[in-house]
Amino acid sequence: MEKVLMKGNEALAEAAIRAGCKCFFGYPITPQNEIGAYLAKRMPKTGGVFLQAESEIGAINMVYGCAGSGVRCMTSSSSPGISLKTEGISYIAGADLPCVIVNVQRGGPGLGSIQPSQADYWQSTRAIGHGDIRVPVLAPSSVQEMVDMTKKAFSIAEEYLTPVMILADGVLGQMMEPVSFDNFEESDARVSEPPWAASGHGFSRPHNIINSLYLEPIELENVIKERFERYEKIKEKETGAVYEKDAEIVVVAYGSTARVVRSAVDMARENGINAGGFRPLTLFPFPEKQLRDACKNARKVLVVEMSMGQMVDDVKLALECKLPVEFFGRTGGFVPNPEEIFNKITEIKEGL
Amino acid sequence: MQRFILDFDRCKGCELCTTACPKGIVKMQREKLNKEGFITAECINQDECTSCALCAVMCPDCVITINKN
Amino acid sequence: MPDFTRPKALIDIPTHYCPGCTHGIIHRLVAEVIDEMGIEGDTIGVCPVGCSVLEYFYFGCDMMQASHGRSPAVATGIKRAHPDKFVFTYQGDGDLAAIGTGETVHAAARGENITIIFVNNTTYGMTGGQMAPTTLPGQITQTTPYGRNIKTEGYPIRICEMLSQLDGVAYAERTSVHDPKSVLATKKAIRKGFEVQKNKQGFSIIEILSTCPTNWGMSPMKAIERLKSDMLPYYPLGIYKEAGI
């Protein structure tokens with residue numbers, strides 16, 4: 001297996017090309033700029049399109065047009081930019097179009113900071129646009145996962161006809177790790193035109209309409225119900241988590257925070273505490289069954305995030321308040337260190 | 001012969017066609033409303049119609065068909 | 001053989017437009033040009049938010065409905081993915097010149113090879129006649145009940161004049177549909193816009209002065225008179241930009 005040393009953002013961009021992404025539309029914002037810069041260099045050489053839009057709103061609507069015309073495409077941004085994209089994401093979801101949206105999170109609210117953060121969990125999983133929609137959210141925790149989940153994101157998008165979000169953060173975007181692209185095949189890059197695409201009917205089929213407007217209430221309700229049936233299928237088939245069973249204290253974290261939690265849990269185990277890590281690979285759908293499985297013998301759960309506590313809501317919902325859930329978090333720019341999490345685990349252990 | 005043919009039930013009675021006719025033979029008739037409840041255009045003298053189609057050019061609803069021969 | 005009949009690219013169903021609304025004329029002209037160039041199978045249209053939002057039911061080519069003002073960005077996405085297809089947007093004044101000004105200006109500046117049909121009727125039609133960026137000074141609307149006051153509401157935007165300053169614009173013309181002659185001139189301009197796109201010359205826009213009898217509170221005939229008396233002096237017709245081939 002050949003490995004190359006790459007920055008997370010660049011690895012993700014390369015993975016998109018190998019996954020057959022033909023068009024990228026974006027707007028500069030820190031800390032995801034390497035994605036655009038990489039694709040600006042590589043896309044013209046691979047027969048693809050890179051276009052710097054006039055705004056995030058412009059970029060997401062270019063994605064809407066491109067996806068609606070049946071061509072695999074992607075945009076990326078960071079927290080404030082994702083806020084601007086939410087209008088477009090709602091229309092894309094409402095028109096059942098596949099595409100990939102990357103959020104390399106930074107601190108918020110407002111202009112916040114340019115440092116890593118996980119404060120867009122609620123936005124990604126709850127409020128990624130107006131209306132009755134959900135968007136599958138994948139949470140990589142290493143540069144390799146940035147690559148693998150990019151491939152996965154395109155395949156979920158096209159199988160279930162939905163925008164898919166990759167929720168990374170400034171740490172993952174900026175860090176360098178050895179990464180392999182062996183997972184990709186020639187066939188990943190092949191794109192055949194979907195039958196619903198608005199790309200010119202050539203007088204060979206009825207005209208296609210890409211739309212999210214339904215003036216008849218019953219039509220709108222039927223469309224939404226069908227979409228939620230698809231979400232159920234996504235829940236069944238695409239939900240993922242990695243975890244240890246039989247721990248007394250389960251520590252839940254995703255993304256770059258999960259890496260720190262890993263070290264803290266290892267430290268706890270070395271000190272004779274029966275702690276275990278739980279890392280969701282998907283944030284929507286949240287791996288509820290997996291969490292309950294991990295918590296079978298647990299007495300307490302600790303959630304660690306780079307925010308004031310957002311995923312902690314989903315943890316409590318999944319556990320149906322049957323276990324006490326504690327939270328430890330730092331806000332944008334403060335990546336928690338293993339010692340402080342270890343101390344928190346020790347404190348919990350002492351209180352049991 | 002019928003040079004001016006109106007899709008009676010789709011006419012919205014806006015009258016824009018009446019100003020376009022150089023012969024002044026496209027008029028509104030108020031005797032009979034169509035199924036949408038609109039008064040409609042009519043050609044009061046088919047023999048004088050030259051099939052210039054200017055009435056149809058002004059029609060926002062594509063309800064006028066013009067035959068030449 | 002009829003001399004004048006409905007173009008094939010305009011689906012044979014009634015429209016939802018009010019009596020005398022000139023959207024219908026402009027729809028027909030676009031469809032006639034598509035028919036004459038034989039490009040219905042290779043054309044993708046982008047509908048705006050506004051009265052013409054439902055035009056995806058009317059045009060026979062493939063259609064995409066965009067969010068308010070974003071049509072030029074949506075059209076960009078389609079065109080970049082399919083550079084050999086024809087892509088047009090059809091937008092009203094609120095859509096193009098207020099909420100979508102950014103998308104419009106930058107698609108023009110990039111010389112995006114698309115054609116924009118811009119319908120200027122000086123008001124927001126679908127929402128019930130509020131002030132538009134093109135509302136004339138003194139014009140009474142739902143949100144300027146005492147007439148548009150230039151001291152507080154500012155001045156109307158002349159889009160063709162503004163866009164003609166951009167190097168990416170290959171063709172910009174303002175036309176009208178107040179009489180048969182102007183309707184035929186509008187068709188010629190639309191054809192020109194599509195030809196410019198065919199020749200890959202860049203961005204083309206045809207601004208068409210139009211009426212809104214319902215929200216202007218007048219009969220279709222009176223509305224045509226108002227277009228002539230009030231709009232033509234403020235929005236002079238003509239070609240504002242025509243790049244050489």
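## Contacts between the chains

Two residues are taken to be in contact if their C-beta atoms, placed from the backbone, lie within 7 Å. In this predicted model, two pairs of chains touch, and the most contacts are found between chains A and C. Chains A and B share no contact, and their closest C-alpha atoms lie 21 Å apart.

The contact of chains A and C takes 35 residues from chain A and 28 residues from chain C. On the side of chain A, the elements giving two or more residues are β2 (23-26), β3 (49-52), α3, α4 (79-94) and β9 (209-210). Helix α3(A) supplies the largest share of this side, nine residues. By class, the side of chain A that touches chain C has 17 nonpolar, 15 polar and three charged residues.

In the contact of chains B and C, 24 residues of chain C meet 23 residues of chain B. The elements of chain C that give two or more residues to this side are β1 (2-4), α1 (23-37), α7 (180-198) and α9 (220-234). Of these, α1(C) gives the most, with four residues. The side of chain C that touches chain B has 15 nonpolar, six polar and three charged residues.

Helix α3 (residues 56-68) of chain A packs on helix α2 (residues 71-81) of chain C at an angle of about 50 degrees, with the two axes 6 Å apart. This angle makes α3(A) oblique to α2(C). The crossing of the two helices is right-handed.

From α3(A), the residues involved are A:G58, A:N61, A:M62, A:V63, A:Y64, A:G65 and A:C66, and they meet C:A73, C:V74, C:A75, C:T76, C:G77, C:I78, C:R80 and C:A81 in α2(C). Taken by class, this contact has nine nonpolar residues, five polar residues and one charged residue.

Helix α3 of chain A also holds A:A59. Because 29 other C-beta atoms lie within 10 Å, A:A59 is buried. Leaving aside residues up to four places away in sequence, A:A59 touches A:F25, A:G26, A:Y27, A:A53 and A:T75. The C-alpha atoms of A:A59 and A:Q290, which are 231 residues apart in sequence, are 36 Å apart in space.

## Enclosed and open helices of chain A

Helix α1 (residues 8-18) of chain A has ten of its eleven residues buried, so α1(A) is largely enclosed by the rest of the structure. The buried residues are A:G8, A:N9, A:E10, A:A11, A:L12, A:A13, A:E14, A:A15, A:A16 and A:I17. After α1(A) comes A:G20, which has a positive phi, near 90 degrees.

In helix α8 (residues 217-238) of chain A, the number of buried residues is zero out of 22, so α8(A) lies largely in the open. At 1.5 Å a residue, these 22 residues should span 32 Å, and the end C-alpha atoms of the helix are 31 Å apart, which agrees.

Helix α12 (residues 338-351) of chain A contains A:G351. This glycine, A:G351, counts as exposed because it has 10 C-beta neighbours inside 10 Å, and exposure is assigned at 12 or fewer. A separation of 22 Å lies between the C-alpha atoms of A:G351 and A:E305, which are 46 residues apart along the chain.

## Backbone features in loops

Chain A has a cis peptide bond from A:G108 to A:P109, with omega near 5 degrees. The proline A:P109 belongs to the loop between β5 (99-105) and α5 (121-126). The peptide bond from A:F284 to A:P285 is also cis, with omega near -5 degrees, and A:P285 is in the loop between β13 (282-284) and α10 (288-294) of chain A.

Positive phi values in residues other than glycine include those of A:C321, near 60 degrees, and B:C62, near 55 degrees. A:C321 lies in the loop between α11 (311-319) and β15 (325-329) of chain A, whereas B:C62 is in the loop between α2 (54-58) and β4 (64-67) of chain B. A:C321 has 8 other C-beta atoms within 10 Å and is therefore exposed. B:C62 has 23 C-beta neighbours inside 10 Å and therefore counts as buried.

Terms used
Residues are numbered from 1 along each chain as its sequence is written. Chains are lettered from A and ligands numbered from 1 in the order in which they are written. This is a predicted model: local features need pLDDT of at least 70, side-chain atom pairs count only at pLDDT 80 or more; totals for chains, interfaces and linings use all residues. Axes are lines fitted to C-alpha atoms, for helices over the stretch in contact, and angles run from 0 to 180 degrees between N-to-C directions. Angles under 35 degrees count as roughly parallel, over 145 as roughly antiparallel, 65 to 115 as roughly perpendicular and the rest as oblique. A crossing is left-handed if the near helix is turned anticlockwise from the far one by less than a right angle, and right-handed if clockwise. Ala, Val, Leu, Ile, Met, Phe, Trp, Tyr, Cys and Pro count as nonpolar, Asp, Glu, Lys and Arg as charged, and the others, Gly among them, as polar. The expected span of a helix is 1.5 Å times one less than its number of residues. A residue is buried if 20 or more other C-beta atoms lie within 10 Å of its own, exposed if 12 or fewer, and partly exposed in between; C-beta atoms are placed from the backbone.
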